[in-house]
Amino acid sequence: LNTRDVYNGEIDTYLYNSSSLIVINAGEDSSFVHGNTLNNFGTYWPNNMQAFRYEGNNYLEFNSNQVIQREFNNINGETGRYVFYAQSNGSETSKIIMKENHFDVKSRKEAIYIEGIKNGLIENNYVLSTNSEADAITVSNSNLDVKSNLITSVNGYAFGAYGSDIDFSNNTLVSSNNGMFINNQSVGSIQQNTIVAVDGAIGVRQENNTNIPIQNNIVQGFSEGVKIDNSIQNYAVNNNLFWDVENMFTGSAIAPLAGQLIDENSNGVVSDIYSNIYQDPSFVDLDSGNYSLLPNSVAINAGDASLVDPDGTISDIGANYYHIYVVVGHEALLNTDVVDLPYRMNATLSSPSGSDLSGSVFYRVNGGVYTEIALEEDGDIEDGYYADIPAQDLNSVVDYYISATDGVNLTTCLLYTS
């Protein structure tokens, strides 16, 4: 198809073609490609065939398409080319929007290749690249926001940017080799991503005069977590979580003391002086690919304090924040020898959304049955509540915990012993 707009079409082919399946030479016109299925195709060289090829200097919208490539083979010279290819001459009017597409590709080149686009958004796409010797997604000389995508790559980097302005956030990268490579004087930011591998090589790599912030990312399963090679050190690498990583930081441009766990972050977790931590992120189910955080994850509220999650709390580390509905604050009770007066337990209850709250303290004595006492508001303390635990005999052991709710969501704090 050599056209400008394509809607709700289906192309199912196993034939070897001499051109791309969809070609858009838009010039200065806008183009829209929505809701199509490109199924069972091959790509090969030297005929420069792609499933989708766009060349234009205005606006392209490529949304809700499904692109499924057949298994790579070398019959009749099929060696694999780009699957999605978009190119502009660098015009300031060039813009691309890619949302909610599904790519399942086996090409030896990039699944997605974008060059010369000055304004763009790649959001909520699923990209599986299982045979590529290159990056799953490559961006060159472009200015793009890349967010909330799931990108899986078997051989090459999951994402690569070269000479580009990239804001890369809330993406999940799953790799059998490398996570992402930012190169050739690129600028932008890398924030709140989850980058995981099994016996991977490099999680995040920067070089050739590229020193962009790396903040609030989970990097797990790589030999080298972050590698930066430049003449100027990068001090904006902070509040990241590393796990199952042989070397947190490598390269010539790592800031002094980065990766040396001699400090604590704002939550009291051992960290380096930049609040980078080495801890298990506590995913819901790593083996099944559920990278959401469990309620006890050390990544929660451990991000850069200047960034705020949608629930209004300090940012979490990683692509998937844990929504907090109710916040319980409490300083553990100390031992006492007072046996004739109740022991007052103070706490704070707050809701980031401003909901009305109620709560209880549950206590037991010497391992017995828990008893519930409703919390009462303390008018002298902002968000303050209290409950009086009855007096106990000397040498009694009291275990207790606090539970609070906004009427829908329940938060229960850790078990305390006094």
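1. Which backbone nitrogen does the side chain of Asn89 reach? The side chain of Asn89 reaches the backbone nitrogen of Ser91, at 3.0 Å. This is a polar contact (a pair of N or O atoms within 3.5 Å; within protein, one must be able to donate a hydrogen and the other to accept it, and residues adjacent in sequence count only if both atoms are side-chain atoms). Asn89 is found in the loop between β9 (84-87) and β10 (95-99), and is exposed at a relative accessible area of 63%. Its C-alpha atom is separated by 9.5 Å from that of Lys118, 29 residues apart along the chain.

2. Basis of the note. The model is predicted: local features need pLDDT of at least 70 and side-chain atom pairs count only at pLDDT 80 or more, while totals for chains, interfaces and linings use all residues. Residues are numbered from 1 along each chain as its sequence is written, and side-chain values use heavy atoms, with hydrogens and water left out.

3. Overall composition. The protein chain has zero helices and 42 strands, where helices (H or I, at least four residues) and strands (E, at least two) are DSSP runs numbered from the N terminus. Of its 418 residues, 52% count as buried (buried means under 20% relative accessible area, exposed over 50%, partly exposed in between; 1.4 Å probe, protein chains only).

4. An open sheet. Four strands form an open sheet in the order β34-β35-β39-β38, with antiparallel pairing (two strands pair if DSSP finds at least two bridges between them). β34 (327-329) and β38 (376-378) stand at the edges with a single partner strand each, so one side of each is left without a neighbour in the sheet. β34 pairs with β35 (residues 343-350) over three bridges, and Val327 stands opposite Ser350.

5. Salt bridges. The structure holds four salt bridges (a side-chain nitrogen of Lys or Arg within 4 Å of a carboxyl oxygen of Asp or Glu). One of them joins Lys99 and Glu123 at 3.8 Å, N to O. Lys99 lies in strand β10 and Glu123 in strand β13 (residues 119-123), so the pair ties together parts that are 24 residues apart in sequence. Lys99 is partly exposed at 32% relative accessibility, whereas Glu123 is buried at 15%.

6. A salt bridge within the sheet strands. Asp388 and Arg344 meet at 2.8 Å, N to O. Asp388 lies in strand β39 (residues 384-389) and Arg344 in strand β35, 44 residues apart. Asp388 is partly exposed at 29%, as is Arg344 at 41%.
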